[in-house]
Amino acid sequence: MTPSTMAPDTGTRKPDTAHVRDIDKSSVREASSIELQGLHKRFGKTTIALDGVDLTIEAGEFFTLLGPSGCGKTTLLRILAGLEEPDAGRLKIGGRDITDTPPHKRSVNTVFQSYALFPHLSVRDNLAFGLRMRGMPLERRNAKVAEIAEFIQLGDLVERRVDQLSGGQRQRIALARALVCEPDVLLLDEPLSALDAGLRSQLQVELLRVQKRLGMTFIFVTHDQQEAMVMSDRIAVLDSGIIQQVGPPRDVYERPVNAFVARFMGHDNLYRITARGEGGRLSTELGELHCESPGAGELLLVRPETLDLLPGEQPGKNRLLATVGERLYRGSHAEYRLDIGGTSLQATVNNRGRHLPEVGERVTVAVAAEDLVTLGQ
Amino acid sequence: MAYSDVIPSLRSRALVSESRHLLFTVAPGAFWIFVFLVLPSAYLMGVAFMTTGPYGLPEMPLSVESFRRLAGFGFLGWSPGNLYTLLRSLWQTLVSTALVVVIAYPIAYYITTCREKWRPIMLLLVVVPSWTNQVIRTFGWMNLLAPGTPLANLAESVGLIDPNMGLYPSNFAVTLGLVYNFLPFMVLPLYAAFEKLDTAQVQAAQDLYASPVRAFWHAVFPQTLPGLLAGTVLVAIPAFGMYVIPELLGGGKGMMLGNLVANQFAGSANWPLGAAGAILMLIATFIGLFAMRRVGKRLGGGEEVVI
């Protein structure tokens, strides 16, 4: 997570520069790390948006707040921007408490979901707005705007009015308008949600590249778990104002801590554990399975892509006998709904050109003990 | 290739039907404008350039006598009376329009911040007074501002007016009457402008280091300009030609151009002079509109915002 901007100077300077570099490095780190302590926020008397959020975000991290609508992720972002005040709790950026700092005095910029570009200003004036408000002289301002417009490859549009731009162009202008201010932290509120799928995945890649190149701390809000996994260094999954789990995408996807996180990450194969035996033996709705490192949780997660389908009945350890209920052929893979004694199980099988079991066929499901995860309710 | 190229008769028929269509849609409007605007204006213009006959009616030959008199040249040499009336009209228009803007702006903003279900009611409250006859409302102000009323007593005790003078008739009363009368015409277009505004833009401005005051000035105000200019046109032009309010609240020293014109057609009986006054009003209005257009174009970034 070290900001990449520091990297090129390494080792080329005289002895004292090591010390300078350290100071620089630490100041960059200090400036853009974020600490949230016990944040609470209510709207009206009954709606709880945030219910005690503690979080530490490292400098230079691409951090995603993931959750369904109404989970509090946007409220959290707005509190970071200063557009909303927490009822309780503290907020520190770079070690400095900014809970009571008004938004225009925070070195934090936002890319709004609606972009919120100024329709009465040209693209150039939109891009220059933040710099102008900070009192940067015109010439430097123009140079910076030209530079950022070039950076997002929209240099030839600066004279246009905002209403003459396409959705993707507006999105980029909104991003550039925030980036040009070189904030310590960039907040992005579902910035890609208004775009169609193709443009969206293209901009995901672009955004990621920009973040890695600038080494800036990005906090990204989305309800799309695919997007979150593609982009993030770490993900925080929120539900009803509480952080359910924080971790790198693989952790959150492969080892969800509870049923909410598992379901939100797209898992449906959750089974109740009815009894436990020696050596990780678990009795579940599916049958008897061995888990390598079972936790205390009462649910078992079986990820569809960890399953193997063997033809016919080949009983054994961690094998289940099933009937194919449904098959969705998707070219690169096939999705199965299997029936195991009345309980349904989903499996994804890669298409390696081998036999793909047909509907009604008897098959054996094989799963490795290390691929099974237990989790809480 | 279109059908009309292949079959010539189809094309001519289409042309005929198009011109017929044009006739039906445009003709009524054109007729209306010609009969009720062009003809009277031409008549007015004609009268203004005629000589005043006995009983004040216009007579041949043509002359510019009325314009000379309007400019203040009479039998007894030059007098500044008419010039004062013109200046007073301009001044009253300027001051009352400015006050209307200052009062209407926060009202319009406040209404947009209300809950959606309350907004139509608030707007209704703004508009309802103008459903009553203007003369009646102006008489109402006379009662409120007359000597001995609480308002007049208050002004007297503070030393704003001499004892037993009352607040009317006076220029102040005229300004008050104008502001009161024209407020809704500013609130409505401003409300429309405010309602179109995306509140996220205000937050974006603050997010981009604008203090609340600067966020207003750079993100909000420019976007309400079209409404502001539209409201200014709706307020300033009728205010400039106002007759009832200065007539009732102004007294002899509160006369405006509208009263000057009206007097020439009534008591003073000098039709050509009245017509000349009306033309002066028309010209001043056009100059004002033209200036507003220029201002609007500059501030609106080349977009037409006025008319």
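A polar contact is a pair of N or O atoms within 3.5 Å; within protein, one atom must be able to donate a hydrogen and the other to accept it, and residues adjacent in sequence count only if both atoms are side-chain atoms. Helices (H or I, at least four residues) and strands (E, at least two) are DSSP runs, numbered from the N terminus. The model is predicted: local features need pLDDT of at least 70, side-chain atom pairs count only at pLDDT 80 or more, and totals for chains, interfaces and linings use all residues. Residues are numbered from 1 along each chain as its sequence is written, chains are lettered from A and ligands numbered from 1 in the order in which they are written, and side-chain values use heavy atoms, with hydrogens and water left out.

Helix H9 of chain B spans residues 199–207. Its N-terminal end is capped by B:Asp198. A side-chain oxygen of B:Asp198 lies 3.0 Å from the backbone nitrogen of B:Ala200. H9(B) is mostly covered, with 7 of its 9 residues buried. Buried means under 20% relative accessible area, exposed over 50%, and partly exposed in between (1.4 Å probe, protein chains only). The buried residues are B:Ala200, B:Gln201, B:Gln203, B:Ala204, B:Ala205, B:Gln206 and B:Asp207. Just after H9(B), B:Tyr209 takes a positive phi of about 70°.

The interface of chain A and chain B was examined next. Contact means heavy atoms within 4.5 Å. By this rule, 26 residues of chain A and 21 residues of chain B take part. The buried area is about 2,000 Å², and carbon and sulfur atoms give 59% of it. Buried area is the accessible area (1.4 Å probe) that two parts lose on being put together, summed over both. A:His104, A:His120 and A:Met133 supply 31% of the area that chain A buries against chain B, more than any other three residues. Across this interface, 0 salt bridges are found. A salt bridge is a side-chain nitrogen of Lys or Arg within 4 Å of a carboxyl oxygen of Asp or Glu. Polar contacts are present, with a count of 10 residue pairs (both at pLDDT 80 or more). On the side of chain A that touches chain B, the elements giving two or more residues are helix H2 (73–81), strand S6 (108–111) and helix H3 (123–133). H3(A) gives the most, with 4 residues.

Chain B is itself divided. Its domain assignment gives domain 1 (2–69) and domain 2 (79–298); such bounds come from an automatic or database domain assignment. The contact takes 15 residues from domain 1 of chain B and 10 residues from domain 2 of chain B. The centres of the two domains, taken over C-alpha atoms, are 33 Å apart. About 1,100 Å² is buried between them, and carbon and sulfur atoms give 74% of that area. On the side of domain 1 of chain B that touches domain 2, helix H2 (8–48), strand S1 (50–52) and helix H3 (65–70) of chain B each give two or more residues. The largest share, 5 residues, comes from H2(B).

A:Arg141 is found in helix H4 (residues 138–151). A:Arg141 is buried yet has no salt bridge. The nearest side chain of opposite charge, A:Asp125, is 6.5 Å away. Lys and Arg count as positive and Asp and Glu as negative; His and the chain ends are not counted. Beyond neighbours within four places in sequence, A:Arg141 is in contact with A:Ala128, A:Leu131, A:Arg132 and A:Met136.

A:Tyr115 lies in the loop between S6 and H3 of chain A. A:Tyr115 has a positive phi of about 70° although it is not a glycine. With a relative accessible area of 7%, A:Tyr115 is buried. A:Asn318 is placed in the loop between strand S15 (308–311) and strand S16 (319–329) of chain A. Phi of A:Asn318 is near 55°, a positive value in a residue other than glycine. A:Asn318 counts as buried because its relative accessible area is 7%.

A:Gly280 sits in the loop between strand S11 (270–276) and strand S12 (281–284) of chain A. A:Gly280 counts as buried because its relative accessibility is 13%. Its C-alpha atom is separated by 5.3 Å from that of A:His290, 10 residues apart along the chain. Not counting residues up to four places away in sequence, A:Gly280 touches A:Leu289, A:His290, A:Cys291 and A:Pro294.
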